[in-house]
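Open the model in your viewer and keep the selection panel at hand.

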Amino acid sequence: MHYTVRHTTIYSYSDPVALCQNEVHLTPRSTPFQTCSGFDLEVSPQPMLLRSRIDAFGNQVWYFSLEEPHHELRVTARSRVSVAPHEIPSPNNTLPWEVARDQLHAAETPDLRTISQYRFESPYVQFLDIAREYASVSFTQGRPLLDAALDLTSRIYRDFEYAPTTTTVSTPTRVVMKERRGVCQDFAHLQITAFRSLGLAARYVSGYLVTMPPPGKPKLVGADASHAWLAIYCPGYGWIDLDPTNDVVPQERHITIGWGRDYSDVCPIQGVLTGGGPQVLTVSVDVAPAVFGG
């Protein structure tokens with residue numbers, strides 16, 4: 001499937017901003033199943049400096065600096081992306097989860113040592129006994145890793161309420177566990193916390209959902225906005241994406257922007273500013289099917 005994406009962020013300030021510096025994670029990644037064939041970043045007012053780099057996780061990051069007074073900052077990212085369907089392994093054919101855990105712990109190869117960084121705590125993911133206990137219902141002795149992971153995904157979908165405005169980016173996972181509600185970012189952090197508390201490797205994925213569902217299919221939660229899910233590492237098969245907000249394995253309707261240890265590594269826009277006073281933030285995302293020429 002081919003898509004066009006437009007992601008617009010507007011900051012409106014009550015007082016002038018004299019200086020701001022920002023980093024932007026809005027460029028879709030190219031993966032074995034996804035191709036980004038076009039990307040444009042428009043910043044208004046015109047920045048004094050605009051450049052990009054590749055971060056430690058392989059994501060493209062844009063940096064810009066504004067050094068003139070302004071009452072509004074508008075950042076618009078436009079992308080052309082193609083996403084192909086792909087098969088996942090039979091859940092029962094994956095290794096017992098304890099074997100996978102022990103392989104990651106030993107980390108006997110350079111690749112496994114790189115993957116093992118996703119086993120540890122990070123700014124938004126702290127080990128929790130309650131999360132490990134919740135996961136243990138799915139991760140029984142000897143159960144195949146992917147079979148257990150899919151079961152945990154379904155349980156989070158059933159047990160937790162999708163409730164916008166009830167949490168913020170700083171809401172701890174322990175609060176989400178207690179209140180049993182949140183948004184896609186919370187559920188991704190929750191499942192990552194559960195996996196890592198068991199010694200498994202899991203990474204946070206930032207992206208989008210397609211705006212219009214296929215005929216006869218329901219509209220997924222999180223459409224028309226940035227979305228978040230996660231991926232678990234299955235030895236022998238690689239990374240497999242999971243979306244606990246919708247209880248699905250991401251396929252053609254999920255567009256990947258980037259991944260990292262948690263939200264802090266792939267925040268869409270973050271930065272510092274001087275001045276500004278109270279501000280109003282407006283974000284709009286439009287993801288639409290498209291036809292690309294040859």
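Predicted model: local features only at pLDDT ≥ 70, side-chain atom pairs only at ≥ 80, totals over all residues.

Residues are numbered from 1 along each chain as its sequence is written, and side-chain values use heavy atoms, with hydrogens and water left out.

**Largest pocket**

Select Gln 185, Ser 226, Tyr 263, Pro 268 and Val 283. Of the 27 residues lining the largest pocket, these lie nearest its centre. A pocket here is an open set of points on a 1 Å grid over the protein atoms alone, where a 1.4 Å probe fits, with protein on both sides within 12 Å along at least five of seven lines; lining residues have an atom within 4 Å of a point. The space amounts to about 900 Å³, counted as that filled by probe spheres set on the points.

Now colour strand E1 (2-24), helix H6 (184-197), strand E8 (202-209), strand E9 (226-234) and strand E13 (279-289). Each gives two or more residues to this lining. Helices (H or I, at least four residues) and strands (E, at least two) are DSSP runs, numbered from the N terminus. The lining has 17 nonpolar, 10 polar and no charged residues.

**Second largest pocket**

Move to Thr 31, Phe 33, His 86, Trp 239 and Asp 241, the closest to the centre among 23 lining residues. The volume is about 480 Å³. Strand E10 (238-242) gives the most to the lining, with four residues. By class, the lining holds 12 nonpolar, eight polar and three charged residues.

**The cores**

Select Phe 139, Leu 145, Leu 152, Phe 160, Phe 195 and Ile 232. They have the most contacts inside the largest nonpolar core, which has 35 residues. Such a core is a set of buried Ala, Val, Leu, Ile, Met, Phe, Trp, Tyr and Cys residues joined through side-chain atoms within 4.5 Å. H6 gives the most, with seven residues.

Stay on Phe 160. Beyond four places in sequence, its contacts (heavy atoms within 4.5 Å) include Tyr 134, Val 176 and Leu 190. A second, separate core of 25 residues includes Tyr 3, Cys 20, Leu 26 and Phe 64.

**Leu 73**

Finish in strand E5 (residues 70-83), at Leu 73. Is Leu 73 buried or exposed? Leu 73 is buried, at 1% relative accessible area; buried means under 20% (1.4 Å probe, protein chains only). Among the residues that Leu 73 touches are Tyr 11, Cys 20, Val 43 and Phe 64.

Terms used: Nonpolar A, V, L, I, M, F, W, Y, C, P; charged D, E, K, R; others polar. Buried < 20%, exposed > 50% of the residue type's maximum accessible area, 1.4 Å probe, protein only.
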